[in-house]
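Please look over the sequence and the structure shown below before reading on.

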Amino acid sequence: MKNTLFSLAILLTMLTVPTLAQTNYDAEIAALETKAKEAPANSILFVGSSSIRMWDGLKEAFPGKSIIQNGFGGSTLSDAIRYMPRLILPYKPKQVVLYAGDNDIAQNQSARNVYSQFLTFFALVRKQLPSATITYIAVKPSPSRKQYMPVAAEANRMIKQYLAGQKNTSFADVYTPMLGANGQPRPELFGADSLHMTPQGYEVWKSVIGPVLK
């Protein structure tokens with residue numbers, strides 16, 4: 001039954017959202033499974049793309065919290081859905097913190113398509129882990145992707161509005177504090193590639209995400 005549910009959800013996503021090129025992350029996922037297999041139930045599980053994967057000190061950033069760090073590759077929302085049975089469900093987390101959508105937008109997905117994929121992700125987590133809190137980290141405004149900022153802002157707005165009407169949810173708005181007074185991304189928050197973050201960038205994330213953790 002569970003396999004059927006996931007198959008139908010993925011098929012629905014493929015029918016309603018333009019297909020993205022799929023990357024095989026099986027080896028990376030297997031390594032995460034080995035690393036986190038001893039994680040206790042009722043942990044807080046961070047999942048998503050490289051901004052989660054590259055967060056050095058994520059577990060130490062929130063002392064007193066049991067954190068699972070399952071960021072992988074340059075993944076998309078469809079990847080988060082595809083690997084959900086291996087990356088999220090087995091751990092029975094009390095909270096799922098998702099960062100995904102950034103790479104979708106960079107592959108020319110519209111805000112509506114990102115929103116649609118998030119709804120699929122949300123529905124599956126809520127069905128399989130009904131008591132878990134679901135937190136979405138807003139798509140960040142990266143200097144190297146400035147041309148996509150209007151799409152990111154609109155996707156963030158739609159997802160935030162949806163979550164406001166759902167129980168056991170939160171929206172971590174990292175987008176706004178990563179902008180300077182000129183409305184542009186703060187350069188000191190980003191590394192040499194103008195995409196991934198410096199420790200200062202993660203300090204901004206920490207300040208926003210910390211208050212919404214269970």
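Which residue's side chain meets that of glutamate 188 in a salt bridge?

## A salt bridge at glutamate 188

The model discussed here is predicted. In it, the partner of glutamate 188 is arginine 186, and the separation between N and O in this salt bridge is 2.9 Å.

Glutamate 188 has a relative accessibility of 32% and therefore counts as partly exposed. Arginine 186, with a relative accessible area of 26%, is partly exposed as well.

In total, the structure holds 8 salt bridges. One of them joins the side chains of arginine 86 and aspartate 26, with 3.6 Å from N to O. Because arginine 86 belongs to helix H6 (residues 84–87) and aspartate 26 to helix H2 (residues 26–36), this pair ties together parts that lie 60 residues apart in sequence.

Arginine 86 counts as partly exposed, its relative accessibility being 28%. Aspartate 26 is likewise partly exposed, at 36%.

## A buried pair

Another salt bridge is formed by the side chains of aspartate 102 and arginine 145, at 2.7 Å from N to O. This pair links distant parts of the chain, 43 residues apart: aspartate 102 lies in helix H7 (residues 102–106), while arginine 145 lies in the loop between E4 and helix H9 (149–164).

Are the two partners buried or exposed? Residues under 20% relative accessible area are classed as buried. Aspartate 102, at 5% relative accessibility, therefore counts as buried. Arginine 145 has a relative accessible area of 17% and is buried too.

## The buried face of helix H10

Helix H10 spans residues 199–209, and its buried residues are Gly201, Tyr202, Val204, Trp205 and Ile209. How are they arranged around the helix? Viewed down the axis of H10, the buried residues fall within an arc of 150 degrees, so they line one face of the helix.

Several elements contribute to the cover over these buried residues. Among them are the strands E1 (44–48), E3 (95–99), E4 (133–137) and E5 (169–172), together with helix H3 (50–53).

Terms used. Residues are numbered from 1 along each chain as its sequence is written. This is a predicted model: local features need pLDDT of at least 70, side-chain atom pairs count only at pLDDT 80 or more; totals for chains, interfaces and linings use all residues. Side-chain values use heavy atoms; hydrogens and water are left out. Buried means under 20% relative accessible area, exposed over 50%, partly exposed in between (1.4 Å probe, protein chains only). Helices (H or I, at least four residues) and strands (E, at least two) are DSSP runs, numbered from the N terminus. The arc is that of the directions from the helix axis to the C-beta atoms. Contact means heavy atoms within 4.5 Å. A salt bridge is a side-chain nitrogen of Lys or Arg within 4 Å of a carboxyl oxygen of Asp or Glu.
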